[in-house]
Structures are given as structure tokens and as C-alpha cells.
Amino acid sequence: MEFFVPNGATTVTVQHAIYGSDASSSWELWAQAQSCNCNKWTKVGNTVFTTSSTLQATAFTVNIAGNVKFEIRKTSGGPSRLNIDDFAVTDFGTVQPSIDNDHLALGNPSGAVTDVSYPGNYLMVKPQYKLSYNRDQGKANWVSWHLDASDRGGIDRQDDFREDLTLPEGWYKVLGTSYQSSGFDRGHLCPSADRTSSIENNSATFLMTNMMPQAPQNNQGPWADLENYARTFLPGNEVYIVCGSYGVGGTGSNGGLTNTIDNGRITVPKRTWKVIVILPVGDNDVARVTTTTRVIAVDMPNINTLDQNWGTHRTTVDAIETATGYDLLSALPVEVQTALESKVDAGPVN
């Protein structure tokens with residue numbers, strides 16, 4: 001766009017599709033605010049992967065006052081073209097409806113899509129959580145979920161570890177026995193105890209797509225303690241949680257650095273991380289996140305000799321983003337992200 005939108009922007013919605021029979025493409029939305037007088041462009045939200053010839057809508061949270069202009073930048077190489085249709089801008093200050101209790105209400109950290117063309121960042125949508133799966137690592141990149149009192153009940157732990165049959169045809173499906181004798185726990189990302197309202201919900205947490213190879217003293221120590229702590233905010237609050245792992249090589253109960261298990265089909269991560277956002281119970285979840293909302297971010301070594309106090313592993317969301325390349329909390333207004341993501345939580349640990 002070679003002109004400024006005069007009334008600023010709260011959101012931008014873009015209709016997009018691949019052009020004709022061209023291959024999939026990735027692209028980004030960038031914004032420039034006239035108020036900065038610096039000719040600086042800033043990326044808005046996640047990179048988008050366009051994989052369908054049918055127009056689809058992608059919404060971006062902008063929240064820039066005053067004159068602003070936008071660019072759409074194609075980031076994938078090659079001659080493939082994009083079909084960009086309606087480009088709709090909502091004026092700054094217009095209150096947007098917020099989706100409540102959606103597992104990705106705070107953003108899709110890696111821009112994952114349900115497309116087999118992206119086996120390293122494959123979006124899987126389940127009623128209990130959403131995740132980005134990495135086929136070649138045999139584990140999730142991250143899992144994201146919403147937790148409130150309605151998710152908790154009296155259902156016993158099902159312990160039915162099993163392969164996820166919803167993975168695309170031809171992909172290796174990690175078995176419930178694939179971690180056997182490896183020295184690593186089948187470490188839950190979305191924990192069993194966060195889904196005790198029904199047998200179906202609890203059982204879903206035992207799918208192997210919701211597991212990562214975790215050193216026992218990590219999984220059963222500070223990781224479990226932080227899981228328990230997150231549940232103490234209920235019922236007066238609701239919680240958004242996203243967690244995952246990165247790097248290669250951990251040390252389990254067998255001793256020694258291990259890079260893979262299951263004959264090389266599952267990558268053992270070097271680090272495990274988690275981000276927790278705590279909100280009072282209410283509506284319009286994203287709109288209620290402010291610069292004073294409590295956010296807990298941790299980054300733990302995947303070893304058997306780590307400090308057992310989860311509080312010592314606290315870090316910033318910014319640091320996790322730098323380590324992983326993800327854009328966490330991307331659905332929040334930019335100024336709220338900036339404030340929250342640079343803080344190390346200093347709240348109580350129990």
C-alpha cells in the first residue's frame with residue numbers, strides 16, 4: 001500500500017489463496033506507523049502459509065493508532081503466486097469480539113497448519129488441546145490449551161498411552177511402548193490432571209503426540225510441581241498454557257547424553273519450556289490480558305540433575321522466543337506483548 005490508512009488499525013483481515021495451480025506460498029503482514037517518523041516497518045503476527053486454492057481469511061491484531069500503512073511480503077521463494085482478495089481494516093479503538101476458551105486464543109506460536117506439506121509444523125486440533133507436530137522428530141513442537149474449573153472432575157487417570165491414529169497416512173506413529181528402556185519418561189505436555197472431567201478428555205492426554213522424552217527428574221520434579229501450581233489458580237481464575245521443547249540431547253536415568261530413542265525416530269530435546277497466563281474468570285479473554293497480567297515462563301534443562309525448585313528456572317517469554325523462533329502470545333496487542341514478554345515472573349511458587 002502506497003498510502004496511509006488515516007484512522008489507525010485494530011485488526012486487519014486478509015482473504016488469501018494460492019493462484020490457480022501454483023504451489024503453496026508463505027507470506028507476512030508488515031506495518032509502518034507514521035507517528036514514529038522513522039520509516040520503520042514491523043512484522044505483525046505470524047508468518048502465514050497459504051496452501052489452498054479456496055479463499056481463506058486470516059486476521060491480524062494490529063492496535064496501532066494514527067496513520068498506518070501495510071505491506072504484504074511473500075517470504076517463500078520461487079515463482080508461485082498468491083491470490084490476495086479482500087483486505088479489511090478495522091479502525092483503531094473499535095472493540096473486537098474475543099473468542100473465549102479457545103486453545104489458541106493467545107496465538108499460534110509457529111503458524112502451524114494442517115497440511116502434510118509442512119511435516120515439521122503440522123497443526124493438530126483436538127477438543128482437549130491443539131498442537132504443532134514434528135513428524136521427523138516424533139514429538140510435538142508445542143501444545144497449547146485452556147484450563148478452567150470445568151476441565152476438572154473426578155475421573156481417574158486412564159494411563160492408556162497409545163499411538164495417535166489421526167496422524168496423516170504414511171507417517172510413523174509413535175507407540176505407547178516406544179520409550180521403553182530409554183531412560184526417559186513419556187512426559188505429558190498437556191497433563192492428565194488438567195483433563196479429569198470425562199474419560200474421553202483424560203484419555204486424550206495419553207496420545208503419544210502429547211508426549212516428549214523427558215528426564216525423570218525433570219518430568220516428576222519441577223515440571224510436575226509447576227503443573228500442580230497452575231491448577232491452584234482454579235476455580236477463581238482460568239489459565240492459558242503453552243509448552244514444548246527444543247534442541248537435541250538430554251540425559252535420562254540411563255546416564256549419558258542421548259540424542260534420539262526408538263531407533264532414531266524420536267528426538268530427545270535439550271530443553272523443556274512452558275508459558276502460563278493467569279486470568280480472572282470472565283469473558284473476552286484476549287481483551288482482558290493487560291500489562292499487569294501474571295505470566296510465568298520457565299525453561300528447564302532436560303537432565304536428571306536439574307534444580308528441583310521450578311522457580312529457579314524462570315525466564316522471559318522473549319528468551320523462549322529467541323531460543324525457539326516462535327512468536328508467543330501473538331494475538332495480544334503489541335504493547336501488551338512488549339510489556340509481558342520482557343518480564344521474569346517474581347510471584348510465589350506455591
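Trainee: How many salt bridges are counted between domain 1 and domain 2?

Mentor: The count is zero. A salt bridge here is a side-chain nitrogen of Lys or Arg within 4 Å of a carboxyl oxygen of Asp or Glu. A word on the model: it is predicted, so local features need pLDDT of at least 70 and side-chain atom pairs count only at pLDDT 80 or more, while totals for chains, interfaces and linings use all residues. Residues are numbered from 1 along each chain as its sequence is written, and side-chain values use heavy atoms, with hydrogens and water left out.

Trainee: Where do the two domains lie in the chain?

Mentor: Domain 1 covers 8-91 and domain 2 covers 122-342; such bounds come from an automatic or database domain assignment. Their C-alpha centres are 30 Å apart. Five residues from domain 1 and seven residues from domain 2 make the contact, meaning heavy atoms within 4.5 Å.

Trainee: What polar contacts are counted between domain 1 and domain 2?

Mentor: Two residue pairs are in polar contact, both at pLDDT 80 or more. The term asks for a pair of N or O atoms within 3.5 Å; within protein, one must be able to donate a hydrogen and the other to accept it, and residues adjacent in sequence count only if both atoms are side-chain atoms.

Trainee: Which strands supply the side of domain 1 that touches domain 2?

Mentor: Strand 3 (42-50) and strand 4 (56-64) each supply at least two residues. Strands (E, at least two residues) and helices (H or I, at least four) are DSSP runs, numbered from the N terminus. The largest share, three residues, comes from strand 4.

Trainee: What makes Gln217 partly exposed?

Mentor: Its relative accessibility is 35%, so Gln217 counts as partly exposed. Gln217 is found in helix 2 (residues 216-231). Beyond its neighbours within four places in sequence, Gln217 is in contact with Pro222, Asn304, Leu306 and Gln308. Gln217 and Ile303 are 86 residues apart in sequence, with 7.2 Å from C-alpha to C-alpha.

Conventions: Buried < 20%, exposed > 50% of the residue type's maximum accessible area, 1.4 Å probe, protein only.
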